Each structure stands twice: as C-alpha cells, then as structure tokens.
Amino acid sequence: MVSPNSSKWDMGRLFRTLVFFRTIPFLGSFDAISIPGPQKQPEKTAKRNKGTVLVVGATGGVGKRVVKLLQQRGYEVRGLVRDLDKTRLILGPDVQLIDGDITIPQTLTPAVTNDLKAVICCIGSRVQPQEGDTPQREKYYQGIRFYLPEVVDTPEMVEYIGVKNLATAVTTAATEKTLCDFTKPTPQMLENWGALDDVVMGGVSESNLRLVNGTAFFSGNISTANSGGFASVRSRNFAPPFNLADYTGIDLRIKGDGNRYKFFIRTDPKWDGIGYSYSFDTAYNIPFTVRIPFSEFIPVFRAKTVPNAPPLDPSQIYSFQIMLSKFEYDGNLNPNFKPGIFQLQIESIKAYGGKKLPQFIQVSSAAVTRPGRPGNNPQDQIPIVKLNDQLGGILTWKLRGENAIRASGLPYTIIRPCALTEEPGGKALFFDQGDNITGKVSREDIAELCIAALESDAAINRTFEVKETEYFGPNNWENMFTQLKPDN
C-alpha cells in the first residue's frame with residue numbers, strides 16, 4: 001500500500017483494474033456477470049413466467065397436488081421442506097427446494113421468502129390417534145424433533161407459532177430486499193467487487209474490500225498526489241439487473257470512521273455513464289443504517305452534477321459503488337476529507353419500502369371457531385370439535401394462526417375445508433361463511449381451489465368454509481368468490 005505522500009503512478013495497477021472490470025476507458029463496458037445465488041435456467045424461463053409461489057407442506061395430500069397444478073399453469077414453484085432427498089423423490093427435479101422449518105424462524109431466510117408472488121400454506125400437525133396412546137396423548141406429544149431438540153411439532157408450534165413465523169418472514173421480505181449481505185459471505189462475493197481508485201486518472205490512492213467476521217471492510221490509503229484524491233469499490237454489473245421499482249430506496253448498514261462517503265447506483269450497463277450519488281456522514285466506530293430514498297440520489301458524471309438527467313430508474317440497477325473522495329460535486333470539497341488511512345465497515349445493502357406484498361393462501365379447517373362457542377352442545381359436535389382439547393387444542397391454534405395472517409398486513413385467502421378425503425375430485429363445491437357447515441371435500445378439489453384463489457382478486461381478504469356437493473363441476477370460481485363477504 002502506498003504512503004500518503006507517494007507520487008509514483010502504478011500503470012500495472014491500472015491495467016489490473018481494467019482487466020477486472022473488463023473495460024476500455026471511454027469506449028467499452030464491462031461484461032455482465034451473475035450475482036451470487038440460484039439463477040433461473042433460460043430454457044425454463046419461458047415456461048414459468050407467472051411468478052414464484054412458495055408451497056409449505058409440499059409433500060402433504062393437498063400440497064403435492066398444489067405443486068403439480070402450479071407447474072402445469074406456468075408458475076415457478078419453491079418448496080420449504082425438512083428432508084431434501086425425500087422430497088425430491090416425491091416432487092421431482094423441477095421444484096426449487098429449500099431446507100427449512102416454519103417453527104424455526106432462523107431458517108426462513110431470504111432464499112425462502114424473497115421475490116414471491118404468493119405463499120400457499122398446506123401444512124398441518126398430526127392429529128390422528130396413535131396405537132396404544134393414552135387419553136392424555138403422551139405418545140402423540142413425543143412429536144418430531146427437527147433442528148433444535150427443544151422444538152416439538154405440537155399444534156401450538158405448527159398451527160400458530162409456525163404460521164405466524166412464516167407470515168412475519170414473508171412480510172419482512174416483501175417490504176425489504178437483501179441485495180448484498182456481507183454477514184453471510186460466499187466465495188463469489190469478492191469476485192463481484194473490485195477496487196476503482198484514482199489510478200484511472202493518474203493518482204496513487206489505493207483501496208480494497210475484505211470480508212472479515214461477517215462484515216466487508218472497505219479500507220485503504222487516500223493520497224492527493226498527482227491530482228488524485230479518491231478511492232472506491234464497485235460491483236461488476238448484475239445480471240439480470242435488480243428491479244427495485246416496487247421499493248422506496250436503499251438501506252446501508254455500516255460502521256464508519258468519521259469520514260463522509262458516497263454511495264452510487266448505476267442504471268446503465270456502460271462503464272463511464274451517469275451515476276446516481278448520495279453523500280452520507282459517518283461517526284467513528286458506531287454502527288447505524290443509512291436510509292436513502294431513490295428520490296434523493298443526485299445524477300452525477302465524473303463528480304459534476306447533470307441537471308437535465310432523468311431521475312433514477314430503480315427498475316434496472318446494474319451496479320453499486322462506494323467512494324471516499326476529496327470532492328463533493330461541481331468542484332466543492334468534501335468538508336470532512338483528510339488524506340491517509342480510512343476504513344468503512346459494510347454489513348449489508350438492502351432495498352426498503354416494498355409495496356408489492358405476496359398473497360398468503362392458508363388451508364385451515366372448518367370448525368375452528370366452534371370449541372367453546374356459546375350455545376353449542378359438545379355432544380352434538382363433529383369428532384374434531386369434541387376432541388379439540390385431547391388433540392392439543394388443534395382447532396384453537398389453527399384459529400390463532402388465521403388471526404396472525406390477518407394481522408400481518410398481507411393480502412390473504414383463508415380456506416376452511418370440511419373433512420378432507422382422498423376421493424377423486426371434480427365435484428361442485430359449496431362455500432359458506434360463519435363456520436357452521438359440515439361435510440367432506442376431496443384434497444384434489446382443495447388444490448384446485450387454492451390455484452383459483454391465487455388467480456382471483458375477488459378472493460383477497462376472504463375467509464370461508466367449503467364442502468363438496470353431490471353434483472359434479474365445473475365451478476364458477478369468480479362468481480363464488482364475489483359472493484363472499486370480505487373480512488372485517
């Protein structure tokens with residue numbers, strides 16, 4: 001690393017910079033590369049262009065049918081599963097499977113929840129009596145332990161806490177999008193960022209980006225020799241570019257050194273085009289979040305503002321850049337600048353203020369409001385209502401899970417089927433509200449109903465019970481949804 005007073009220009013370092021960014025100054029532009037993470041295969045994109053749907057409970061009786069229907073109708077399917085190998089055998093190779101568990105919120109990562117059109121939750125705890133079990137259900141409550149030994153699949157953990165965890169994670173992912181997470185480094189991460197210092201202008205400042213203990217250290221040595229005075233790190237072009245049109249701005253999670261820095265966004269794949277800049281001050285060794293609305297980015301070309309440039313278009317973001325410079329804009333000096341050693345720690349870069357929330361479709365159960373309902377004679381109720389307490393309060397916890405979805409702010413559809421069967425589907429269905437009906441319904445028909453709810457705005461924010469009739473379909477879904485009253 002050079003000293004602040006060195007004035008020897010390093011042509012070799014200039015060459016290495018140009019090679020890293022694959023550019024010829026003033027003429028060429030660097031090649032687009034893939035950002036870390038799974039990318040859609042080109043040959044599949046044309047078939048699955050309706051958006052990504054997360055299916056939870058994808059190997060269950062309803063869930064596996066939902067997966068099949070989504071694939072047939074052009075959706076990208078993502079499954080949250082506990083056993084990847086077993087699930088792959090059941091669902092085949094065309095489902096994106098992610099290892100996770102709704103009862104363990106740490107497993108509901110952005111890989112699970114980002115970029116979703118909808119969630120279809122078909123999960124449920126087991127309520128069938130076990131052979132040799134006691135009235136207190138000791139054998140049932142042995143449960144299935146997963147990830148953490150203290151987690152047991154009781155109705156409370158699955159039907160309420162798990163569903164609430166899922167709704168919270170999906171809501172958070174919809175309102176913020178992680179773009180660069182340096183707390184979880186990958187081998188590709190450093191390959192996508194390179195130093196872009198004043199060596200390109202004849203200067204001798206030098207910087208780099210290192211990943212240390214869950215953070216990225218942007219550090220180096222600033223020199224004003226040879227009319228220099230800036231150091232930066234810049235990403236190569238993202239492919240595809242980020243589309244953040246549904247977000248409000250950028251959150252930078254950082255720990256500073258007292259300097260004033262700039263954050264750039266580039267919406268053009270060209271090497272030397274207009275960048276959109278925002279300056280921010282830091283305090284020494286204090287972590288904080290810099291929140292930057294897209295509306296506050298300034299169009300800049302080589303440290304000069306461009307008054308007639310269009311505003312930043314967040315629908316196609318090609319690269320990011322973080323800079324320390326002796327200049328602000330239009331020849332004005334950075335008031336906090338001093339040459340020498342600097343260090344900025346970067347934890348993450350996220351988009352915030354997302355407006356497009358995915359729909360949450362929950363397969364619940366009829367009779368969830370009936371246990372303890374005033375005026376009900378327990379002896380006149382269906383078996384699951386009579387056994388609610390012995391079954392761990394299964395209906396009570398399902399109702400609380402429904403309420404957690406309603407409270408999340410997500411657009412939702414809550415389907416309450418009567419007794420589920422493995423009989424062939426194709427029956428005309430009957431909808432009702434008020435939780436009074438009894439009957440049965442095929443899992444095949446419930447899977448069809450889930451897809452219909454996904455594709456109808458009239459199903460949004462509705463809760464309803466459903467059973468089959470003695471007649472065969474087809475069902476006029478739009479009319480059936482329209483006749484339902486929205487939830488209060």
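This passage describes the fold of a predicted model, from the chain as a whole to individual residues. Residues are numbered from 1 along each chain as its sequence is written, and side-chain values rest on heavy atoms, with hydrogens and water left out. Because the model is predicted, local features require pLDDT of at least 70 and side-chain atom pairs count only at pLDDT 80 or more, whereas totals for chains, interfaces and linings use all residues.

The chain contains ten helices and 25 strands, where helices (H or I, at least four residues) and strands (E, at least two) are DSSP runs numbered from the N terminus. Of the 488 residues in the chain, 50% are buried, a term that stands for under 20% relative accessible area, while exposed stands for over 50% and partly exposed for values in between (1.4 Å probe, protein chains only). The accessible surface of the chain comes to about 23000 Å², and 53% of this surface belongs to carbon and sulfur atoms; such areas come from the Shrake-Rupley method with a 1.4 Å probe, and for residues only the protein chains shown count as cover. Among contacts (heavy atoms within 4.5 Å) between residues at least 6 apart in sequence, 74% join residues at least 24 apart.

An open sheet is formed by eight strands in the order S4-S3-S2-S5-S20-S21-S25-S23, with mixed pairing; two strands are taken to pair if DSSP finds at least two bridges between them. Strand S4 (96-99) and strand S23 (427-432) are the edge strands, each pairing on one side only, and the twist from one strand to the next averages 25°. Within this sheet, strand S5 (residues 118-121) and strand S20 (residues 359-363) run parallel and are joined by four bridges, and isoleucine 120 stands opposite isoleucine 361 in S20. Helix H9 (residues 443-454) packs on the sheet, where it touches strand S2 (52-56), S5, S20, strand S21 (412-417), S23 and strand S25 (462-472), and the direction of H9 makes about 160° with that of S20. Angles here run from 0 to 180 degrees between N-to-C directions, and axes are lines fitted to C-alpha atoms, for helices over the stretch in contact.

A packing of two helices involves helix H6 (residues 155-175) and helix H8 (residues 394-407), which meet at an angle of about 5° with their axes 8 Å apart. H6 and H8 are therefore roughly parallel to each other, a description that applies to angles under 35 degrees, with those over 145 counted as roughly antiparallel, 65 to 115 as roughly perpendicular and the rest as oblique. On the H6 side, the contact is made by Pro155, Glu156, Glu159, Tyr160, Val163 and Lys164, and on the H8 side by Ile394, Trp397, Lys398, Arg400, Gly401, Ala404 and Ile405. These residues divide into seven nonpolar, one polar and five charged, with Ala, Val, Leu, Ile, Met, Phe, Trp, Tyr, Cys and Pro counted as nonpolar, Asp, Glu, Lys and Arg as charged, and the others, Gly among them, as polar.

Strand S12 (residues 249-255) is largely enclosed by the rest of the structure, since five of its seven residues are buried. S12 pairs in the antiparallel sense with strand S15 (residues 287-293) over seven bridges, and aspartate 251 has arginine 291 of S15 as its bridge partner. Seven bridges also join S12 to strand S19 (residues 340-352), again in an antiparallel arrangement, and here the bridge partner of lysine 255 is glutamine 345.

Several loop residues complete the description. Glutamate 422 lies in the loop between strand S22 (419-421) and S23, and its C-alpha atom is separated by 8.0 Å from that of glycine 61, although the two residues are 361 apart along the chain. Residues up to four places away in sequence being left aside, glutamate 422 touches Gly61, Arg65 and Arg443.

Most residues other than glycine have a negative phi, and most peptide bonds are trans. The peptide bond from alanine 239 to proline 240 is cis, with omega near 0°, and proline 240 lies in the loop between strand S11 (237-239) and S12. Glycine 473 and proline 474 are likewise joined by a cis peptide bond, with omega about 10°, and proline 474 is placed in the loop between S25 and helix H10 (477-482). Asparagine 213, in the loop between strand S8 (206-212) and strand S9 (215-222), has a positive phi of about 50° although it is not a glycine, and asparagine 213 counts as exposed at 80% relative accessibility. Alanine 367, in the loop between S20 and helix H7 (383-386), has a positive phi of about 80°, and alanine 367 is buried, with a relative accessible area of 0%.
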